[in-house]
Amino acid sequence: MELNAQIKKYRTELNLSQEELAEKVYVTRQTISNWENEKSYPDIHSLLLLSSLFNVSLDQLIKGDIETMKEIINEQEIKEFNHYGSIFSLHFLILILSAAPLFMWLKLYALLPLGVMFAITMFWALKVEKIKKKNDVQTYKEIVAFCEGKKLDEIHKMVEAGKRPYQNVLKVVISAVVTAAVCFLIGLLIQWVF
């Protein structure tokens, strides 16, 4: 990364201390120190302020750091994807495991907490889907490669894209079967409770 050297160079050219620069870009002196020592990376707002303050273009300021920034963003998205996926899985498991006890305890009123838990679970599922859509990962191989920080080569990407229409049909069939099974089980629970 070269940005740390660029920040230090332009700061010294303007005869600014780290504290003075920090005041001008609305961060702490420690943040400037971290940028210059490669412990952290400025966000886009800070980069824009720095380029304006140093009177250089953003390209000139970040020079060869574009690829590094892409890697950092990709790593952050992978972490988010894994984090949201874990939260979704946990909520889904809780939803499934709590259905029978709630029906036994609350009878028909169990639909209220189950509905709330379902809404929360779907919220996390949508967050996962948003990241998948943004990074164009849908098939199992694409998801695994994304989670490992890799990309499929063009041939594998085209093969996986060819599988998508069939997987969509499979998703509909599996969703229908799971929905029917859940409805059947809820029906059994309701009959058993009453």
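Visitor: Contact means heavy atoms within 4.5 Å; among contacts in the chain between residues at least 6 apart in sequence, what percentage join residues at least 24 apart?
Guide: That share is 56%. This is a predicted model, in which local features need pLDDT of at least 70 and side-chain atom pairs count only at pLDDT 80 or more, while totals for chains, interfaces and linings use all residues. Residues are numbered from 1 along each chain as its sequence is written, and side-chain values use heavy atoms, with hydrogens and water left out.

Visitor: How many helices and strands does the chain have?
Guide: The chain has nine helices and zero strands, where helices (H or I, at least four residues) and strands (E, at least two) are DSSP runs numbered from the N terminus.

Visitor: And what percentage of the residues is buried?
Guide: Of the 194 residues, 29% are buried. Buried means under 20% relative accessible area, exposed over 50%, and partly exposed in between, with a 1.4 Å probe and protein chains only. The accessible surface of the chain, by the Shrake-Rupley method with a 1.4 Å probe, is about 13300 Å², and carbon and sulfur atoms hold 65% of that area.

Visitor: Which residues have the most contacts inside the largest nonpolar core?
Guide: They are Leu 3, Leu 21, Leu 50, Phe 54 and Leu 61, in a core of 16 residues. A nonpolar core is a set of buried Ala, Val, Leu, Ile, Met, Phe, Trp, Tyr and Cys residues joined through side-chain atoms within 4.5 Å.

Visitor: Which helices supply it?
Guide: Helix H1 (3-13), H2, H3, H4 and H5 each contribute at least two residues to this core. Another core lies apart from it, with 10 residues that include Phe 81, Ile 87, Val 137 and Phe 146.

Visitor: What does Leu 21 touch, beyond residues up to four places away in sequence?
Guide: Leu 21 touches Ile 7, Arg 11, Leu 16, Ile 32, Leu 50, Leu 53 and Phe 54.

Visitor: Moving to H3, which of its residues are buried?
Guide: Ile 32, Ser 33, Asn 34, Trp 35 and Glu 36 are buried in H3. H1, H2 and H4 are among the elements that cover them. Just after H3, Glu 38 has a positive phi of about 60 degrees.

Visitor: Why does Glu 36 count as buried?
Guide: Glu 36 counts as buried because its relative accessibility is 7%.

Visitor: What are its contacts, leaving aside neighbours within four places?
Guide: Glu 36 is in contact with Asn 4, Ile 7, Lys 8, Arg 11 and Gln 18. The side chains of Glu 36 and Gln 18 make a polar contact of 2.8 Å. Such a contact is a pair of N or O atoms within 3.5 Å; within protein, one must be able to donate a hydrogen and the other to accept it, and residues adjacent in sequence count only if both atoms are side-chain atoms.

Visitor: How many salt bridges does the structure hold?
Guide: The structure holds three, a salt bridge being a side-chain nitrogen of Lys or Arg within 4 Å of a carboxyl oxygen of Asp or Glu. One of them joins the side chains of Arg 11 and Glu 36 at 2.6 Å, N to O. Arg 11 lies in helix H1 and Glu 36 in helix H3, so this pair ties together parts 25 residues apart in sequence. Both Arg 11 and Glu 36 are buried.

Visitor: Where do Glu 77 and Lys 134 lie?
Guide: Glu 77 lies in helix H6 and Lys 134 in helix H7 (residues 111-134), so the pair ties together parts 57 residues apart in sequence. Their side chains meet in a salt bridge at 2.6 Å, N to O. Glu 77 is buried at 10% relative accessibility, whereas Lys 134 is exposed at 63%.

Visitor: How far apart are the closest N and O atoms of Lys 132 and Glu 129?
Guide: They are 3.0 Å apart, in a salt bridge. Both residues lie in helix H7, three residues apart, about one turn of the helix. An α-helix has 3.6 residues a turn, so residues three or four places apart point the same way. Lys 132 is buried, with a relative accessible area of 11%, and Glu 129 is partly exposed, at 41%.

Visitor: Turning to loops, where does Tyr 26 lie?
Guide: Tyr 26 is in the loop between helix H2 (18-24) and helix H3 (29-36). Its phi is near 60 degrees, a positive value in a residue other than glycine. Tyr 26 is exposed, at 67% relative accessibility.

Technical notes: Contact = heavy atoms within 4.5 Å.
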